[in-house]
Amino acid sequence: MPDSPEPPPPGPAGRGGIAAWFGSLFPMLTGGVALGLLVGFALIGFAPGSGLTMAASGQTSAAGAAAPGAGKKLSFDIELGDMYVKPPSISVPRGADVTVNVFNKGNQQHTLALEGADTPLLDPGESATWHWGVISRSTQAWCLVAGHKDAGMLLPITIEGEPAQAVAARGAADGTGSNDTTIDASAKPAADWKPVDPTLQPAEGGTTHDVTLRVQEKILEVAPGVKQVRWTYNGTAPGPVLHGRVGDVFTIHLVNDGTMEHSIDFHASKVAPNVEMRTIKPGESLDYQFKAQFAGIFTYHCGADPMIYHMGNGMYGAVVVDPPKLAKVDKEIVLVQSELHLGPQGQPGDLKKMLAGDQDAVVFNGYYNQYALAPIKVAPGSRVRVWLDNAGPNENMAFHVVGTIFDTVWKEGAYRLRPGNAEQGGSQTLDLQPTQGGFVEFTLPDAGSYPFITHKMMNMSHGALGIFEVGGTR
């Protein structure tokens, strides 16, 4: 897929790890999600026109009366965690001079920036005291790490006695504008567009696999004319498909070339999460080694907080581990299903949509209807194996090929159907929940076009559609 030569906007780092994953899920699922996606920094509120001003003790309101908080100095203790701020809000009299003592009790870096000012990040266990000065209107402070604000790390600061409607209106106005990015189902990609090659490459010879995965934040096209910042492994979303056999050893050299902290979690591995799945800062690297003890197709993904944000922005891929004595086929491909939650054009996806399960598209291998735009060629009579991985993060999968019946089905570690079964049974659909995987086998004997879809029909209508094009000769 083509990508823009423009680098993505830089963002501060965030630190997380497997220990923070589960603690972050509950506030993300149950807490209110703050409005607005942080894509840059605003100047601190002491600038002219910000509404936050330093003033003498005789400060007056617009009506000429002294501000109730004029001359008062207030101090607040603020606790930051994964993904919360305590207390959830503070209230001050207009004109009070405010200082905050901020304590990071989370497992990753956080900060608390007044109106998005460029405020230093605090490592886990660190604290800092910041003087915010005179507060003359209701406002907000939030964590600058990408996604943390929308995950709940937002501190409303209200002026005592100000109507709630005014506070809410200002909160809605602090974002970067409306998200009007939409997919045109009738649009065609540019002439130089190329689909992702779905062919499963043969497993390398030998029993060891050394792979370097570089985290890169890139602007990629995800539908005709629609570009998003994608957080990728080796520049693609999904990342590279790894292929081996039971007993093989994979050594992954993960390098973080991004602007924020990232990690990787291989569902094909049995390792200590806090050791090999740990989050690394920009410029850092780690080696992740595991032995493939089980057969199947397994998801890998980033586990940095908020995990759904990193996965939803493209940080996922698949590992195929062949079962013993796997039969040969004429064509073998891999389809990874995922969702698009569009942010503004050229920006990362929308965390609020991800948390709400409000996807704009469901796609195979990262691009809207790409195998309908560029059908997969198959010779008549060919035996086809399709490996399927549902990367999610939210939607289930119901894979179906129109015009044929599956005679072989493997799901989550075992054959569910094989040729020559006593019941003479066949299968029409393989169902997979997020991060489940399997494969199906079938033949396409006659020339023609055979659509393949996820038979959850609303998702087929939103990008989960492709075509096997069977030619007239073998």
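**Note on the predicted model**

1. Residues 24 or more positions apart supply 74% of the contacts in the chain with a separation of 6 or more (contact: heavy atoms within 4.5 Å). This is a predicted model: local features need pLDDT of at least 70, side-chain atom pairs need pLDDT 80 or more, and totals for chains, interfaces and linings use all residues. Numbering starts from 1 along each chain as its sequence is written, and side-chain values use heavy atoms, without hydrogens and water.

2. The chain holds 7 helices and 27 strands (DSSP runs, H or I of at least four residues for helices, E of at least two for strands, numbered from the N terminus). Of its 474 residues, 54% are buried (under 20% relative accessible area, 1.4 Å probe, protein chains only).

3. Look at His-243, in strand 11 (residues 242-245). His-243 counts as buried because its relative accessibility is 11%. Its side chain makes a polar contact of 2.9 Å with the side chain of Asp-322 (a pair of N or O atoms within 3.5 Å, one able to donate a hydrogen and the other to accept it; residues adjacent in sequence count only if both atoms are side-chain atoms). A polar atom of the His-243 side chain also lies 3.2 Å from the backbone nitrogen of Ala-203. Leaving out residues up to four places away in sequence, His-243 touches several others, including His-209, Phe-250 and Val-320.

4. Strand 1 (residues 73-81) and strand 4 (residues 97-104) run parallel, joined by 8 bridges. Glu-79 has Phe-103 in strand 4 as its bridge partner.

How values were computed:
Buried means under 20% relative accessible area, exposed over 50%, partly exposed in between (1.4 Å probe, protein chains only). Two strands pair if DSSP finds at least two bridges between them.
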